[in-house]
Amino acid sequence: MRTIQIKGGRIIDPSQGVDEVADLWLGDDRVLGIGEAYAQGTADVVIDARGMIVSPGLIDVHVHLREPGNEEDETIATGAASALAGGVTTVACMPNTIPALDTQGAAEFVVLQAQRARKANVYPVGAVSKGRKGDELAELGQLVAGGAVAFTDDGAPVASASLMRRALLYSKMLDRVIMQHCQVPELTVGGVMNEGAESTRLGLGGMPAAAEDIMVARDIRLAEITGGRLHIQHISTARSVELVREGKKRGIDVTAEACPHHFTLTDERLRTFDSNFKMNPPLRTADDVAAVIEGLKDGTIELLATDHAPHAPEKKMRELDQAPFGIVGLETLIPITVHGLIEPGHLTWVDVIRMLTVAPAKLLGLVDKGTFRPGADADVTIIDTETPWTIDPEKFLSRSRNTPYGGWKVKGRAHVAIVAGEVRHSLGGIVHEAGEAATP
């Protein structure tokens, strides 16, 4: 058995209530355990993690990988490499590819390409409707057989209430969650940014908060009627947060995720007319940002996700009303979360790691991920919390460069990412094979 000893790091594993300085042992592709009781003699690889956080491999439930159809933006291989650079060892990829990820074969293609890439774990999320057209349910059972871990039509909503109701019923039988891009399409036609004072000032088409609020309210009610599992993607408005909070109090099976750009940036950034601030849902007001943060603090929002949405430079450089929505998110997840949530004191590292390990693993039903329980998958993220660095999009491993955070001076970075017991990303200096001189 090939063993890895990760020495002296601060191990945070919310699944077991662990927060202590200790050694973590891995054997082949499995976790052996925490502490000297699991020592296996001389390790084949020793990683000196002193001064760093050792976390179960981070999981991102909301990632766009663009393959097939838009490989100039991202491929499964480049997206999975980008994930590792950001410390994310497992991603769930969205179905808005060309063709849509709506068949068993399409799901199997994603799984196979990810295995070939040998980077981060990639799980397909199947489309709710055939072709993501919103007319007819996709073959949900066949998608599960192909490896789908959830269903969504993201980057578009399931607009039909009837279709959404049936999707919740069928997915309940399959024990899968419906992830919804909550937006009433008729209210956002022609919208470029949040509708409000800033859009009026700039003369740009607006996307009202009500477009999200109405869909969130509808879908929570449908989840209540059907008993299905509903997950609100990239929540962005104050009223939506309230609706989820109210739904939870009524015992409805609803969860929500927040993205770093929705708790760090406001619609005032669009004054620059920089398309790197063009998202969907859009950047909202300071009051909405405060409500999202409060939802994270009180547990209304259980997950963090990136909505990683890469676009080739020639697309994102178009005029603002023509440029596509979205940003590269994987490689800035940790530092922007530190900047927006940990440094201001809104959340602790334990809170953040729970939102990126235990909670997403539970959402997707990945029982052997997000934990250091003995026998779990040997996926590990080692985070340097102190060394300052500057975000440089030109150094991204993603195929795209579209980020609003370029040039930001930050702290918090994945130093090592381990998948299935293999070191697949390292900034160097702390990983030592047997026989090499270790750091004194």
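This is a predicted model: local features need pLDDT of at least 70, side-chain atom pairs count only at pLDDT 80 or more; totals for chains, interfaces and linings use all residues.
Residues are numbered from 1 along each chain as its sequence is written, and side-chain values use heavy atoms, with hydrogens and water left out.

Q: Why are H11 and H12 called oblique to each other?
A: Helix H11 (residues 333–342) and helix H12 (residues 349–356) pack at an angle of about 135 degrees, and their axes are 11 Å apart. Axes are lines fitted to C-alpha atoms, for helices over the stretch in contact, and angles run from 0 to 180 degrees between N-to-C directions. Angles under 35 degrees count as roughly parallel, over 145 as roughly antiparallel, 65 to 115 as roughly perpendicular and the rest as oblique. H11 and H12 are therefore oblique.

Q: What makes up the contact of H11 with H12?
A: Contact means heavy atoms within 4.5 Å. Leu-333, Ile-334, Thr-337, Val-338 and Ile-342 of H11 meet Trp-349, Val-352 and Leu-356 of H12. Seven of the contact residues are nonpolar, one is polar and none is charged. Here Ala, Val, Leu, Ile, Met, Phe, Trp, Tyr, Cys and Pro count as nonpolar, Asp, Glu, Lys and Arg as charged, and the others, Gly among them, as polar.

Q: Why are H7 and H9 called roughly parallel?
A: The axes of helix H7 (residues 238–249) and helix H9 (residues 286–297) come within 8 Å and cross at roughly 25 degrees. H7 and H9 are therefore roughly parallel to each other. The H7 side of the contact consists of Ala-238, Val-241 and Arg-245, and the H9 side includes Asp-287 and Ala-291. By class, this contact of H7 with H9 has four nonpolar, one polar and four charged residues.

Q: Why are H6 and H7 called roughly parallel?
A: Helix H6 (residues 209–226) packs on H7 at an angle of about 15 degrees, with the axes 9 Å apart. H6 and H7 are therefore roughly parallel.

Q: What makes a space in this structure a cavity, and how many of 30 Å³ or more are there?
A: On a 1 Å grid over the protein atoms alone, a cavity is a set of points where a 1.4 Å probe fits but cannot get out, and lining residues have an atom within 4 Å of a point. The structure holds two cavities of 30 Å³ or more.

Q: Which helix gives the most to the lining of the largest cavity?
A: H11 does, with five residues. The lining of the largest cavity includes Leu-58, Trp-349 and Ile-383. By class, this lining has 10 nonpolar, one polar and no charged residues. The lining of the second largest cavity has four nonpolar, four polar and no charged residues, among them Pro-260, His-261 and Tyr-405.

Technical notes
Helices (H or I, at least four residues) and strands (E, at least two) are DSSP runs, numbered from the N terminus. On a 1 Å grid over the protein atoms alone, a cavity is a set of points where a 1.4 Å probe fits but cannot get out, and a pocket is an open set with protein on both sides within 12 Å along at least five of seven lines; lining residues have an atom within 4 Å of a point. Grid points are joined across faces, edges and corners, and a volume is the space filled by probe spheres set on the points.
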